[in-house]
Structure formats: C-alpha cells, structure tokens
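I set out to record what can be looked up in this structure, element by element. The entries below follow the order in which I consulted it.

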Amino acid sequence: MEHIHVAVIGGGQSGLATAHALLRRGLRPVVLEASDRAAGSWPHYYDSLTLFSPARYSSLPGMPFPGADRDRYPHRDEVVAYLAAYAGRLDAEIRTGCRVGVVLRAGGGFGVELEGGGRLSARAVVAASGTFGRPHRPSLRGLDGFTGQVLHAADYRRPAPFSGRRVVVVGAGNSAVQIAAELAGTTRVTLATRGPVKFAAQRILGRDLHFWTARTGLDTAPLGRLLSRPPAQPVLDDGRYRAALAAGRPDRQPLFTGADGAKLVWPDGQREEADAIVLATGYRPDLPYLAGLDGALDTEGNPRHREGLATGVPGLAFVGLEWQRSLSSNSLRGVGRDAARIARCLAAYLARG
C-alpha cells in the first residue's frame, strides 16, 4: 500500500489552495481529483456565469488573477483557465480521474480507497470536494406530481433549450435571479420564492462591495462559529436584476402550493400550465466518502467541525465549506486563508505523532 503524508480530496479551488498551504509547511500532499482536470466544479456551471467579485479579489495564494483590468468580473471560462494554470505551477502531485470511494480509520491514520481499485494510507486527510456534486432538492408541495421537466440549476447551461416554453425558477439567490433573468429573454419566466428577493448593491460610492467588506474586516471576521447554518445571501446587483423584476421579466410569485399534472397551483388558487421547473436551491457539502468514518458527519451528511477541523476525528479537516470560518471561506479570495490555517494545524498534529 502506498503511504503519503496528506490526502487532499478534490482538485478544485479548495484542494489547490490546500496543497499550496501544505507545501509551504513542508508537507507533501497528494491531491485526488475525480474528474479529468483540476478545475473543480467551474467547468460545469452555466455558460453565462461571471464572478460576483472583481479580478483583484478573485485570486488564490501566490498567483494573481491575470488581466490588465483588475476591476472586471471574470467569466466562468477564465476561472477554469486560471485554475488549470495554478495547478500547473504547483509542485504537488495531482492525480486526476481518482474518485475517492471510502475513507476509514487505519492504524493511527486513514485508509483511502479509490473507486475502481487502489488504496492509499494517509496520516491526515483534507476533504476539499466542495458542494457541486450534491445539489439540494427541497421537498416542495406538489413537485413529485408535476409531469413537466424538473431540473436543478446544476444541470442548466443556456436558455436556448427553453425558448418559447413556460418556465418557473425556484429560489431567491444569485443563481436563481441570474438564470431567471437570462431565460426571460427568450421565454416567459416566473421566479418563485418564499419571500421577497433581497438585493445588495454591487457598487457603493464608486467601489465594488468587496472593497468595503475587505476594508471593514467583514470578509475575514471569524463569524462562522456563531452560525448554526449558513445565512441566505442577498443578490449582488448593479441595478439590472432589480429593474428586470420590476418590469416583470421575470415576474415574481410566491412559491406554488401544489401541482396537478403539468399545472402548478399558486397560493391564490390559480392553476397554470408550466413546461419546466428549474430548482436554483443551492447545494450541500459533497462528502459521501466520509459516511463510514464515525464522528465525521452528522445525520444529514454535514461535516462535524470547528472552523474546518473535524471535532471528533483527529487528523481530518475540511476546506471550502460555506461560512467555514468567515464570509469568504468558500470563495477564490478567501479559501486560501482557511487553507493556511488548516495546514498549520495539521502540520502541528503530524509533528506530535
């Protein structure tokens, strides 16, 4: 069996930042990435996605985001290229096509079993596999009886397949509003939400919001430990999305209360036929490989941790969780800070053993 210092599960932004931080601590991580490239979930997001943060606030440690215009909002494909270049510069072993099936205790460390065969022995493990692999599909009244198309935002790419169809987008976050507004250019769309959509100005006094969160310290404040669950994030808007909703493109309705075949039932009793429902309802931590590791996850599959360190499993850590430690924990601009802290703690743990 191959023996390694630290197994980093996931080769996206969180795994790459973790590998960088571990290398700086003198450790030799092996990054295990299930897909064929080290870019995480970014290649799978919808085509029109742009970052909510400017290029100057969208870098991993040691490599600024490229481009002369530091205040532009990079496109999805730019992020994919950036992560590929970052991985290429890392002096770390990154193994693609290696999907982890199970992590178990083995002696004083861990046994990491790969799907399709193969096993590693690691003294420590960092789960950095993100959330994209586990889209959240809430239990909505009537959804099971709806005979039209139902898909999660994770499966949405572009508006063309929905042209001329009646579409309902469920959700009140950034992705929900962006997808609904994009679809409204080619079809009739309703944004169905439990309450009003909350907006936050993209720019304040001529500066991007991220300038102010960084300047005030809100971006790095360790507030995650105070939250029982991540709070809902407002929609960052330069005015276009608020204006689109005000113009009814898309229109907004309270969440439907049921379905009768292809017809949705709205709270006022009206029944309306719909062709498709897009669930822009977020994601949950994607950690099935830890299900057999006693104490790692709670009954809902969420990690038991304090600021990224597993509370009941010494040597296990997490990077890239939403609000792991701060507002920016699962972002390009902030994941490096959490990764550095985890690397410091794991280096101290391994030195004791």
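**Entry 1: strand 6 and its partners**

I began with the hairpin of strand 5 and strand 6, where four residues lie between the strands and G116 takes a positive phi near 90°. I note that this is a predicted model, in which local features need pLDDT of at least 70, side-chain atom pairs count only at pLDDT 80 or more, and totals for chains, interfaces and linings use all residues. Residues are numbered from 1 along each chain as its sequence is written, and side-chain values use heavy atoms, with hydrogens and water left out.

Helices (H or I, at least four residues) and strands (E, at least two) are DSSP runs, numbered from the N terminus. Two strands pair if DSSP finds at least two bridges between them.

I found that strand 5 (residues 109–114) pairs with strand 6 in the antiparallel sense over four bridges; here V112 stands opposite L120. Strand 1 runs parallel to strand 6 and is joined to it by seven bridges, with I4 opposite A122. I also looked up strand 21 (residues 316–318), which pairs with strand 6 in the parallel sense over three bridges; A127 has F318 as its bridge partner there.

I then checked burial, where buried means under 20% relative accessible area, exposed over 50%, and partly exposed in between (1.4 Å probe, protein chains only). Seven of the nine residues of strand 6 are buried, so strand 6 is largely enclosed by the rest of the structure.

**Entry 2: helix 1**

Helix 1 (residues 13–24) has twelve residues, which at 1.5 Å a residue should span 16 Å; I noted that its end C-alpha atoms are 17 Å apart, which agrees. The expected span is 1.5 Å times one less than the number of residues.

Ten of the twelve residues are buried, so helix 1 is largely enclosed by the rest of the structure. Among the buried ones I list Q13, L16, H20 and L22. Their cover includes strand 1 (2–9), helix 2 (76–89), strand 6 (119–127) and helix 6 (335–352), contact meaning heavy atoms within 4.5 Å. After helix 1 comes G26, whose phi is positive, near 80°.

**Entry 3: A81**

I located A81 in helix 2. At 46% relative accessibility, A81 counts as partly exposed. Its C-alpha atom is separated by 9.9 Å from that of W42, 39 residues apart along the chain.

Lastly, I looked up an open, antiparallel sheet of three strands in the order 15-16-17. Its edge strands are strand 15 (258–260) and strand 17 (271–273), each pairing on one side only. Strand 16 (residues 263–265) pairs with strand 17 over three bridges, and V265 stands opposite R271.
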